[in-house]
Amino acid sequence: MTTDRTFALDNADGPKAPTGRRFVVAITGASGAWYAQRLISALVGSGHELHLAVTDYGKRLLHDELGMTGLDVHALAGLPEGADLREHRVFVHPSKDVGATIASGSFRHDGMIVMPCSSNTLGAAASGVGDKLVYRAMAVALKERLPLILCHRESPLSLIDIENMRRLTMAGAIIAPTNPAFYLGPTSLTDVVDFVVSRVLDLVHVKHGLSMRWEDHPLASGKASD
Ligand SMILES: Cc1cc2nc3c(=O)[nH]c(=O)nc-3n(C[C@H](O)[C@H](O)[C@H](O)COP(=O)(O)O)c2cc1C
């Protein structure tokens, strides 16, 4: 198995104390597999329960962008090969099984994050279809009024994407495009990825140390010298 683990945070030092919070993460076929790897390893490394579903094209992106053969959950979570996923509270759900736990409204969680989110999955969420696990889990999050964060990546946007975003925002989802910013002065690709992931973790109130906050930056108002 060839896997580039460089973007996972290192979680080799054993399971963390459970936080009692659980998150659903879906990876779909949009560019940005590194974001997903960083997000997942940050959640697992903070002791959160993680439920993962990956679409077929999400798997292709993991292969194309991270060099993964198959779905290497350990590499995504920053865990050593052979680590017991259940001990780390990591659960993987087959993407075609709409009978999985995360497809039910009785499954309570603290947020579903689709990262990266393709235009296809965005459209599915906006139309309310539920014939695949990721679609059904998104529809359930919306109907149950649970946080749904869609980290869409495409450019430029068609009117259809824009209308889908509007509709989903009206329905309670948060559209959080994978747009990096540069005001913190990134010096590496990791800094760029971490900026995007850190803003998403903020949305679900997960503590992290992935990027500096503007208020701590020397150039922030009141800190810069005249
Ligand atoms: C290498 C690669 C990169 C892609 N990047 C994007 C992208 O950034 N955004 C997007 O909306 N679709 C992208 N696509 C197209 C989607 O993968 C395609 O629409 C697919 O049907 C999405 O399926 P899913 O939503 O079930 O994952 C890409 C496809 C490939 C093969």
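To start: how many of the 13 residues of helix 1 are buried? The answer is 13 of the 13, so helix 1 is largely enclosed by the rest of the structure. Here a residue is buried if 20 or more other C-beta atoms lie within 10 Å of its own, exposed if 12 or fewer, and partly exposed in between, with C-beta atoms placed from the backbone. Helices are DSSP runs of H or I with at least four residues, strands are runs of E with at least two, and both are numbered from the N terminus.

Two remarks on provenance. This is a predicted model: local features need pLDDT of at least 70, side-chain atom pairs count only at pLDDT 80 or more, and totals for chains, interfaces and linings use all residues. Residues are numbered from 1 along each chain as its sequence is written.

Back to helix 1, residues 33–45. The expected span of a helix is 1.5 Å times one less than its number of residues. For the 13 residues of helix 1 that gives 18 Å, and the end C-alpha atoms are 18 Å apart, which agrees. Just after helix 1, G47 has a positive phi of about 85°. S46 sits in the loop between helix 1 and strand 2, residues 49–54. S46 counts as partly exposed because it has 17 C-beta neighbours inside 10 Å. From S46 to A125 there are 79 residues along the chain, and their C-alpha atoms are separated by 28 Å.

Now helix packing. Two packed helices are described by the angle between their axes and the distance between the axes. The axes are lines fitted to C-alpha atoms, for helices over the stretch in contact, and the angles run from 0 to 180 degrees between N-to-C directions. Helix 1 packs with helix 7, residues 189–203, at an angle of about 50°, and the axes are 9 Å apart. That makes helix 1 oblique to helix 7. On the cut-offs: under 35 degrees counts as roughly parallel, over 145 as roughly antiparallel, 65 to 115 as roughly perpendicular, and the rest as oblique. The crossing of helix 1 and helix 7 is right-handed. A crossing is left-handed if the near helix is turned anticlockwise from the far one by less than a right angle, and right-handed if clockwise.

The other pair is helix 4 and helix 6, the latter being residues 159–170. Their packing angle is about 45°, with the axes 9 Å apart. Helix 4 and helix 6 are therefore oblique to each other. Helix 4 passes helix 6 in a left-handed crossing. D161 is in helix 6, and D161 counts as partly exposed, with 18 C-beta neighbours inside 10 Å. D161 and L122 are 39 residues apart in sequence, and their C-alpha atoms are 7.5 Å apart in space.

Next, the ligand. Which of the 16 residues around the ligand come nearest? They are T28, G29, A30, T55 and Y57. The elements giving two or more residues to that shell are helix 2, residues 56–66, and helix 4, residues 119–127. A residue is near a molecule if its C-beta atom, placed from the backbone, lies within 6 Å of it. Helix 2 supplies the largest share of the shell, five residues. By class, the shell has three nonpolar, nine polar and four charged residues. In that scheme Ala, Val, Leu, Ile, Met, Phe, Trp, Tyr, Cys and Pro are nonpolar, Asp, Glu, Lys and Arg are charged, and the others, Gly among them, are polar.

Finally, the backbone. Most residues other than glycine have a negative phi, and most peptide bonds are trans. M115 and P116 are joined by a cis peptide bond, with omega about -5°; P116 lies in strand 4, residues 112–117. S155 and P156 are also joined by a cis peptide bond, omega about -5°. P156 is in the loop between strand 5, residues 148–152, and helix 6.

R145 is not a glycine but has a positive phi of about 60°. R145 is in the loop between helix 5, residues 133–143, and strand 5, and R145 counts as exposed, with 9 C-beta neighbours inside 10 Å. H205, not a glycine either, has a positive phi of about 60°. H205 lies in the segment after helix 7 and is exposed, with 10 other C-beta atoms within 10 Å.
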